[in-house]
Amino acid sequence: MSLPTVKSIESVPLVYQLPDGAAYGSARGRLPARQSTLVRLTTSDGVIGWGEAFGSVDVVGACVRELAPTVIDRQLDSASGWFTHHLQRSYHSTYGGPHVAAASALDVAMWDALGRTLGVSVGRLLGGRVRDRVTAYASTGYVTATRDLAAFVDEITAAVEQGFDAVKIKLGLGPAEDRRRVEATREVIGADRALMVDFNGNYSADVALRVLRGLDDLDLAWAEEPVPPEDVGGMRLVRAAGVPTASGEALYTRFGFRDLIAERLVDVVQPDVCKCGGLSEARVIAHLAQTWNVRFSPHVWCGVVGQAASLQLLAAVPDYPAPEHVSEPLRFEFDRGPNALRDELALQPLQVSAGVVTIPDAPGLGVELDEQAIERLRSDR
């Protein structure tokens, strides 16, 4: 079978501006807007594939335009070889940063276009679907300007009412405030739901240890980025708290995850498809995690294209060590912060029901985008 070639690449900058006073985020800071760069790839047969990149639309958009000539006129195929060649050719740019985020979007767009061309879902191309549903957790409890505990509790209550059996909240605000937020969350969700906490790397190892030991009675499922991802020694020290740790959203490519996994520095690895190198690299990172028997749960804090790509990845990640008796479910992060790029871009937005998301099996990523919504949210219109 002769595959088509890549005819054109378009960078599409999208920004969803939050209302005044509605900025939300983490202990590292609040964001007044959600933004993403979409890549629209068109093949010589007229098939369109979509990708999404994390980061500043201005910087990432420039990187997409710089990379586009290396993709145009290339025969449509798995993007793995192209991405590896890009990293080897541009090694002075390092294995991280906006150019890798831009390459991630190109990679995902190529997979989407390939799946649409062949008439199969990307999950089948990534090794075959081993599941058609995945357990979701609510990523909520964000940091706001007021830090109003009542509003925080309302967010957690909404997640419970939506059927989630697991919730992740933001910490890193100091021992007393962290304790207050975790206590309030546990009171709302009860003893049976899983509770994860995310520090966004805002502590040194000694403070992280003190905070985690002070939360020992509240049964944390995992502590995400208790120290900055580059603080490898600190991550080793924090493991003494006895709480499972997770990290990876700020890391790029298999090389950023290699030592993290091989040295057993974390219990859960969290690559972001929109940043780590797309589906090609995320698949390799998933294989590394399985090789070292480390849990895998991608970071998903993006628009609907990144959501759909992450679901296709999870469709092909097997349960391990044994599929018959799974002690901890493979979890999909379902961001609950206001975000039109997630909720308004698809003709049929991805939904969670009773804490479960059905993975689309339509060709490509399995979602169709609303061109009118794209035009409405473009930042360059």
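In what order do the three strands of the open sheet run, and is their pairing parallel or antiparallel? Hi everyone, let me start there, and please keep in mind that this is a predicted model.

The order is E1-E4-E5, and the pairing is antiparallel. At the edges sit strand E1, residues 6-17, and strand E5, residues 48-53, each of which pairs on one side only. From one strand to the next, the twist averages 25°. If you look at E1 and strand E4, residues 33-43, you can follow eleven bridges in the antiparallel sense. Tyr16, for instance, stands opposite Arg34 in E4.

Now for what covers those strands. Helix H11, residues 304-315, lies across E4 and E5, and runs at about 100° to E5.

Let's move to helix H2, residues 80-89. Here Trp82, Phe83, His86 and Leu87 are buried. Why do they share a side of H2? Because they cover an arc of only 135° around the axis, they end up on the same side of the helix. As for partners, the buried residues of H2 pack against helices H1 (57-67), H3 (98-118), H9 (253-262) and H10 (278-291).

My last stop is a helix pair. H5, residues 149-161, and H6, residues 175-189, pack at about 35°, with axes 10 Å apart. Their crossing is right-handed. On the H5 side, the contact includes Phe152 and Ile156, and on the H6 side Ala184 and Val188 are among the residues involved.

Thanks, everyone!

Conventions:
Residues are numbered from 1 along each chain as its sequence is written. This is a predicted model: local features need pLDDT of at least 70, side-chain atom pairs count only at pLDDT 80 or more; totals for chains, interfaces and linings use all residues. Side-chain values use heavy atoms; hydrogens and water are left out. Buried means under 20% relative accessible area, exposed over 50%, partly exposed in between (1.4 Å probe, protein chains only). Helices (H or I, at least four residues) and strands (E, at least two) are DSSP runs, numbered from the N terminus. The arc is that of the directions from the helix axis to the C-beta atoms. Contact means heavy atoms within 4.5 Å. Two strands pair if DSSP finds at least two bridges between them. Axes are lines fitted to C-alpha atoms, for helices over the stretch in contact, and angles run from 0 to 180 degrees between N-to-C directions. A crossing is left-handed if the near helix is turned anticlockwise from the far one by less than a right angle, and right-handed if clockwise.
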